[in-house]
Amino acid sequence: MRTAAPIEHITVLGAGTMGSQIAAICALSGYRTTLVDIADAPLDQAKDLLWTRLERDVDKGRRSAKDVAAAQAKLQFATDRDAVVASTDFVIEAAVEDLAIKRQIFASLDAVAPAHAILATNSSNIVSSQIASATGRPDKVCNMHFFNPALIMKCVEIVPHELTSPRTMECTRVLAESLGKEVVQLNREIPGFVANRLLNALRKEALNLIDQDIASPADIDKAARDALGHPMGPFELMDLVGLDVVYLIRLAEYEQTRDEASLPHPQIQQMYESGRFGRKSGRGWYDYASA
C-alpha cells in the first residue's frame, strides 16, 4: 500500500505555477488528480503550460512518452470545486497567501469533503493552526509545503499544528514520499518553517549589502552560485519565485508575529508597488523583456 490511508483521488486548489505543477506530480505518480480553479482561463493556461513542459521533457529524455500520456489521462481540470471535493481523499490548497481567503476556502472544503479527507495547505509561511480552526476537522489539517519549481525540487516540508493527528502526519509523509519527494518533517509549527527561515536570513543579508552599496545584485548572485554552490543567487531566486509572492509572504509572517523585522524590505515593497514582480512581469532585479 502506497500510503498510510487509501488515497485514490487528490484535489489541488489553485491553477497557478505551484498548484498546476503539484497536480502534475500527483498525476505522474499514478494518482487520479483534479486541478481546480474558479475560472476556465487559468485552467486552460495551466494545461497548455504543463503539456508543453512535459512534452519538452520527453523530447529531452527526462520522462517517457508513456508516463506523460498516463499522467494526462489521470489529470482532470474543473471549476466546480464542491463537486470535485465531495469525492476526494486528499486536498492540497495552493491559493494566494492570504489568511482570510485560506480560512474561507478551508471552511468551504470542510463542509463538502468526506469525513476521512485530509486538508493540507501548501502555504510556505501561514501556519496551519490559523486555518484549521475554520474547520470541524483540525486533526486532519496540516502544512504540506512544496518548493518552486515543484516538478523539479525534491524537498517537501510537512508541518503539524498542536491538534494535527499522528495519522494525518503519517499519511501526508508517505504520500509525499510516493511522489518522489524528500520529506522534512517539523516537530511543531513556526512561521517560515525551516527552508524559508534559512533563505530569509540569506536574503536579508543580500538586501543589506545592496543598501550599503557593497556589491551589485549580479555579483551577489555570482558569489552565492560560485562560492557557496547555490543553483541560483538570492536575487535570481526572488525574480523566479515572484517579488509579489516574496512581498505577500513577508506580510503574512508579520500578521502572525507582529514583529517589524518580518515586514517586507523597503526595496521589495517598492518593486511590488511598481509591478516589478520578476520573470512573470518581465522585470524584477533583472530585465527579462529582451531575454
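This report describes a strand arrangement and a pocket in a predicted model.

## Basis of the model

Residue numbers start from 1 along each chain as its sequence is written, and side-chain values rest on heavy atoms, with hydrogens and water left out. Because the model is predicted, local features need pLDDT of at least 70 and side-chain atom pairs count only at pLDDT 80 or more, whereas totals for chains, interfaces and linings use all residues.

## The sheet

Strands β4 (residues 90-93) and β5 (residues 118-121) run parallel and are joined by four bridges; Val91 has Leu119 of β5 as its bridge partner.

## The second largest pocket

The second largest pocket has a volume of about 410 Å³, taken as the space filled by probe spheres set on grid points joined across faces, edges and corners. A pocket here is an open set of points on a 1 Å grid over the protein atoms alone, where a 1.4 Å probe fits, with protein on both sides within 12 Å along at least five of seven lines, and lining residues have an atom within 4 Å of a point.

Of the 18 lining residues, Asn200, Lys204, Arg250, Ala261 and Leu263 lie nearest the centre of this pocket. Helix α8 (195-211) supplies the largest share, seven residues.

Note on methods
Helix = DSSP H or I, 4+ residues; strand = E, 2+ residues; numbered from the N terminus. Pairing = 2+ DSSP bridges.
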